[in-house]
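Open the structure in your viewer and keep the selection tool at hand. The stops below say what to select and what is there.

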Amino acid sequence: MTITTLPIDQIHRNERQPREFFESGALQELADSIKRFGLMQPIEVRKDEEAGGYEIVAGERRWRAHQLAELTEIKCIVTDDDLSVLERFKRSVAENINRADMTPMEEAKAFRRILDEQDGVEGKDVAKEFGKSPQYVMLRLALLNLVEEVQQHVNSGAIGTQAAVQIAALTPGNQAAVMKKWAKGAFAGDNELVHFAYALKQQQGQVVAMIMEEMTPEEREERQRDRTKTRSNIDRIEQVRVLVDELAKADPMKLALALEGEVGKRLDQMDRVADAFAKARFNMRQAKAHAEAREIARLNPDAEHESLAAQAKPKAPGEPQAPVEPAAQAEVVAPKSKAPAKPQVTARRKAPAKPKAPVKRAASAAV
């Protein structure tokens with residue numbers, strides 16, 4: 001191993017290295033820092049007998065920053081290893097995976113390549129080698145089901161990993177529908193996008209329009225009772241809000257006097273109420289997501305798309321993440337294919353609709 005300074009133009013990137021996306025702002029910051037303070041850690045290169053010059057083993061980001069800073073030389077550690085192409089690739093993955101440098105999509109493609117090219121390796125083996133959980137690897141692999149547009153937004157950080165996992169569980173057509181809605185600013189943040197995509201996953205491929213005129217009298221009566229009760233309960237909650245507002249505006253000192261000897265007990269009572277309100281609000285947000293997703297599922301009833309991401313259910317406030325089921329883990333460690341990963345889509349045909357008389361109102365789709 002030798003430390004030396006090499007001309008930038010004698011060094012080239014490893015075309016098969018795991019990193020593909022380099023955030024321009026962060027790269028410019030690094031270039032400015034190198035220009036001012038110099039390179040703190042040399043990059044690692046190997047002599048490339050086939051292509052000539054030197055191939056980067058580790059440090060492509062620093063090499064790119066040197067080019068951005070218009071520097072002509074860079075400090076290098078010239079390594080003389082006899083590692084295979086795959087082993088060098090895995091070394092590069094190991095260098096980047098626990099930093100913020102690699103995007104989720106780069107990790108997904110790296111895991112997929114190792115599974116495809118290394119004989120006998122399974123998802124659990126990849127997880128162990130890079131210090132990750134099997135579920136972590138499984139969910140990264142699920143991202144390969146994303147259409148190109150979503151992958152680009154995940155790489156740029158515009159869409160978070162949790163939302164991406166939920167979108168990956170959708171058919172390509174439904175992914176496109178979600179992105180169209182997202183582009184219009186329909187979601188306040190990633191959390192809303194997570195729940196919307198999850199709601200759509202539950203509905204895609206199994207939308208059954210329950211039309212009032214097709215229900216039995218008993219079903220119509222039960223549906224109406226549910227509507228009346230639910231709406232009445234929400235109206236009564238609104239009335240309670242008036243009492244809560246009054247309590248919120250009260251003088252704390254007067255409250256202490258009015259509740260003398262019971263302040264702690266009454267505070268516990270309010271905490272229970274607040275917890276119930278938080279859970280009810282969470283449930284209502286999910287209901288809103290289902291209502292909006294139902295419309296997309298009805299207009300875009302494309303085929304069911306099985307995905308590893310189907311195991312990732314959004315969490316309610318205070319709810320622990322559901323464990324990965326054995327079936328999901330088995331899917332991760334299944335024998336690998338040399339062909340590029342593609343979304344598995346099973347066509348689902350609808351029976352021709354029979355002519356019906358006009359109906360006044362369609363009820364909600366069954367979930």
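## A tour by selection

Begin with aspartate 275, which is partly exposed with a relative accessible area of 41%. Here buried means under 20% relative accessible area, exposed means over 50%, and partly exposed is in between, computed with a 1.4 Å probe and protein chains only. Before going on, note that this is a predicted model: local features need pLDDT of at least 70, side-chain atom pairs count only at pLDDT 80 or more, and totals for chains, interfaces and linings use all residues. Residues are numbered from 1 along each chain as its sequence is written, and side-chain values use heavy atoms, with hydrogens and water left out.

**Stop 1: a pair on one helix.** A salt bridge is a side-chain nitrogen of Lys or Arg within 4 Å of a carboxyl oxygen of Asp or Glu. Lysine 279 and aspartate 275 are four residues apart in helix H13, so about one helical turn separates them. Helices (H or I, at least four residues) and strands (E, at least two) are DSSP runs, numbered from the N terminus. Lysine 279 is partly exposed, at 47% relative accessibility.

Stop 2: Within it, the side chains of arginine 13 and glutamate 60 meet at 2.7 Å, N to O. Which parts of the chain does this pair tie together? Arginine 13 lies in the loop between strand E2 (11-12) and helix H1 (24-37), and glutamate 60 lies in helix H2, so the pair ties together parts that are 47 residues apart in sequence. Arginine 13 is buried, with a relative accessible area of 17%. Glutamate 60 is buried too, with a relative accessible area of 6%.

**Stop 3: another salt bridge.** Select lysine 265 and glutamate 262, whose side chains meet at 3.9 Å, N to O. Is lysine 265 buried or exposed? Lysine 265 is exposed, with a relative accessible area of 51%, while glutamate 262 is partly exposed at 28%. The count of salt bridges comes to 14.

**Stop 4: a nonpolar patch.** Select Ile237, Val240, Val244, Val273 and Phe277, and show the surface. These residues form a nonpolar patch with about 350 Å² of accessible area together. Accessible areas come from the Shrake-Rupley method with a 1.4 Å probe, and for residues only the protein chains shown count as cover. Patches are made of residues with over 30% relative accessible area and no salt bridge; like charges are joined within 9 Å and nonpolar side chains (Val, Leu, Ile, Met, Phe, Trp, Tyr) within 5 Å. Helix H11 (217-248) and helix H13 (263-299) each give two or more residues to the patch. H11 gives the most, with three residues. Phenylalanine 277 is found in helix H13 and is partly exposed at 39% relative accessibility.

**Stop 5: the cores.** In soluble globular proteins, nonpolar side chains tend to be buried together. A nonpolar core is a set of buried Ala, Val, Leu, Ile, Met, Phe, Trp, Tyr and Cys residues joined through side-chain atoms within 4.5 Å. Select Val126, Leu146, Ile159, Ile167 and Phe196: they have the most contacts inside the largest nonpolar core, which has 43 residues. Apart from it lies another core, of 19 residues, among them Leu6, Ile8, Ile34 and Ile74. Now return to phenylalanine 196. Not counting residues up to four places away in sequence, phenylalanine 196 touches Val178, Lys181, Phe187, Ala289, Glu292, Ala293 and Ile296. Contact means heavy atoms within 4.5 Å.

**Stop 6: a loop residue.** Most residues other than glycine have a negative phi. Select glutamate 70, which has a positive phi of about 60 degrees although it is not a glycine. Glutamate 70 lies in the loop between helix H2 (60-68) and strand E5 (73-79), and is exposed, with a relative accessible area of 68%.

**Stop 7: confidence.** Colour the chain by pLDDT, the predictor's confidence in each residue, from 0 to 100. The protein chain averages 75, and 72% of the residues score at least 70. Confidence is highest in helix H8 (residues 161-168), at a mean of 92, and lowest in helix H14 (residues 326-332), at 32. Select residues 303-310 as well: pLDDT stays under 50 there, and the model has 43 contacts beyond four places in sequence for them.
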